[in-house]
Amino acid sequence: MIESVLEPVTRLEYVHLLTFTLVIGVQDQYSDGKAAKVWNLYIGGNKRTNEYSDYITNVLRKHSVVTVLDAACGTGVDSVLLIEAGFKVSSLDASDKMLKYARKLRWQRHKEEANFDDWQIGEGDWLDLDNCEDTVIHPEEGYDCVVCIGNSFAHLPDFNGDQGTHRLAISNFHKMLKPGGILIIDHRNYDHIIQHGKLPNSTSRLYYQGDRIHKIKTSVLHVDGECTMITLDYEIDISGCGFNDASDLMREKEDGSVIPVSQFRLSYYPHTRPKFDALLKGVFGSDAEHDILPDFQENPEEGYVPSFFVHVIKRK
């Protein structure tokens with residue numbers, strides 16, 4: 001079930017909300033562990049990567065990629081996909097709660113044929129990628145590819161209202177690439193969300209394939225007529241999972257059954273496609289090779305409304 005809420009507010013109310021959000025930690029919205037605990041239920045485990053594994057590996061092979069920096073690895077699902085496909089992967093995330101699951105996964109699989117022993121994992125800040133944990137040593141020549149997918153980049157706020165923070169992060173991704181290297185980065189279809197007040201009813205949910213999504217409420221925050229934040233409130237069915245507790249709420253499903261749900265909230269900067277195109281070209285250059293793949297599709301059907309726009313842009 002997807003609900004939507006439109007919330008026009010004054011600039012003063014927005015400043016209070018942004019200040020409160022920053023205090024509780026926008027840069028790591030997973031710090032309370034609630035989202036991390038149920039993340040695999042939300043994304044659908046291997047169903048997530050099965051949805052787009054061919055798409056992303058084909059893009060990487062098309063560009064002769066060997067080394068990859070997964071700059072928003074979360075629990076490690078995409079990094080595992082890439083390692084299994086034969087790429088040499090280093091992984092960063094701002095959330096130590098999410099990285100705990102990635103490191104556990106590395107330990108569970110380190111004796112397998114796929115080269116999990118060489119999988120570097122560290123806590124990293126997009127605004128200062130040179131100074132991430134010692135556990136990740138960047139190649140001197142740069143990476144063939146930097147990956148930042150799953151709508152991860154939208155977690156980074158626009159602190160000053162001029163997208164300077166976003167430009168700095170994109171510039172740091174650019175610096176991590178060797179000449180000819182590519183950045184693969186995405187964002188939700190915020191153009192649709194801003195216009196309609198809800199997520200697209202796309203035939204592809206791409207990254208989020210879980211069958212335990214009970215409800216997602218979409219809140220669209222406007223300041224002086226301009227959309228400045230999208231907030232999604234999630235309720236995930238955790239019945240039979242063994243980790244529900246007294247703090248979890250009970251919800252009634254459409255069939256009348258009652259289930260325990262785990263709740264978490266994530267807020268996003270609403271990157272529209274034209275502005276994000278300009279952001280990338282402002283760093284990589286107006287003549288940079290730049291492909292936009294709706295839900296990773298090169299030739300979607302006419303009228304197709306994507307859930308995500310995936311950008312592939314090359315450093316000159």
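Leucine 69 stands opposite valine 146 in strand β5. The protein has 316 residues, of which 54% are buried, and its fold contains eight helices and 12 strands.

**Strand β5 and its neighbours**

- Strand β5 covers residues 143-148, and six of its six residues are buried, so the strand is largely enclosed by the rest of the structure.
- Strand β2, made of residues 67-70, runs parallel to β5 and is joined to it by three bridges.
- Strand β6, residues 177-188, also pairs with β5 in the parallel sense, here over five bridges.

**Aromatic rings**

- The count of aromatic pairs comes to seven.
- In the pair of tyrosine 55 and phenylalanine 296, the ring centres are 6.3 Å apart and the planes are at 0°; the pair is therefore stacked, because planes under 30 degrees apart count as stacked.
- Tyrosine 55 lies in helix α3 (residues 46-62), while phenylalanine 296 lies in the loop between β11 (290-294) and β12 (308-314), so the pair ties together parts that are 241 residues apart in sequence.
- The relative accessible area of tyrosine 55 is 38%, so this residue is partly exposed.
- Phenylalanine 296 has a relative accessible area of 2%, so this residue is buried.
- One aromatic cluster is formed by Trp126, Phe153, Phe173 and Phe276.
- Phenylalanine 309 has arginine 273 over its face, at 5.3 Å from the ring centre.

**Contacts along the chain**

- Among contacts in the protein with a separation of 6 or more, 72% are between residues 24 or more positions apart.

**Confidence of the model**

- The average pLDDT of the protein is 83, and 78% of the residues score at least 70.
- Over residues 1-30 the pLDDT stays under 50.
- For residues 1-30 the model has 64 contacts beyond four places in sequence.
- Where pLDDT is low, the predicted coordinates should not be read in detail.

Terms used: Residues numbered from 1 in each chain as written. Predicted model: local features only at pLDDT ≥ 70, side-chain atom pairs only at ≥ 80, totals over all residues. Heavy atoms only, no water. Buried < 20%, exposed > 50% of the residue type's maximum accessible area, 1.4 Å probe, protein only. Helix = DSSP H or I, 4+ residues; strand = E, 2+ residues; numbered from the N terminus. Pairing = 2+ DSSP bridges. Phe/Tyr/Trp six-rings, centres within 6.5 Å; stacked < 30°, edge-to-face > 60°. Lys NZ or Arg CZ within 6 Å of the ring centre and 35° of its normal. pLDDT = per-residue confidence, 0-100. Contact = heavy atoms within 4.5 Å.
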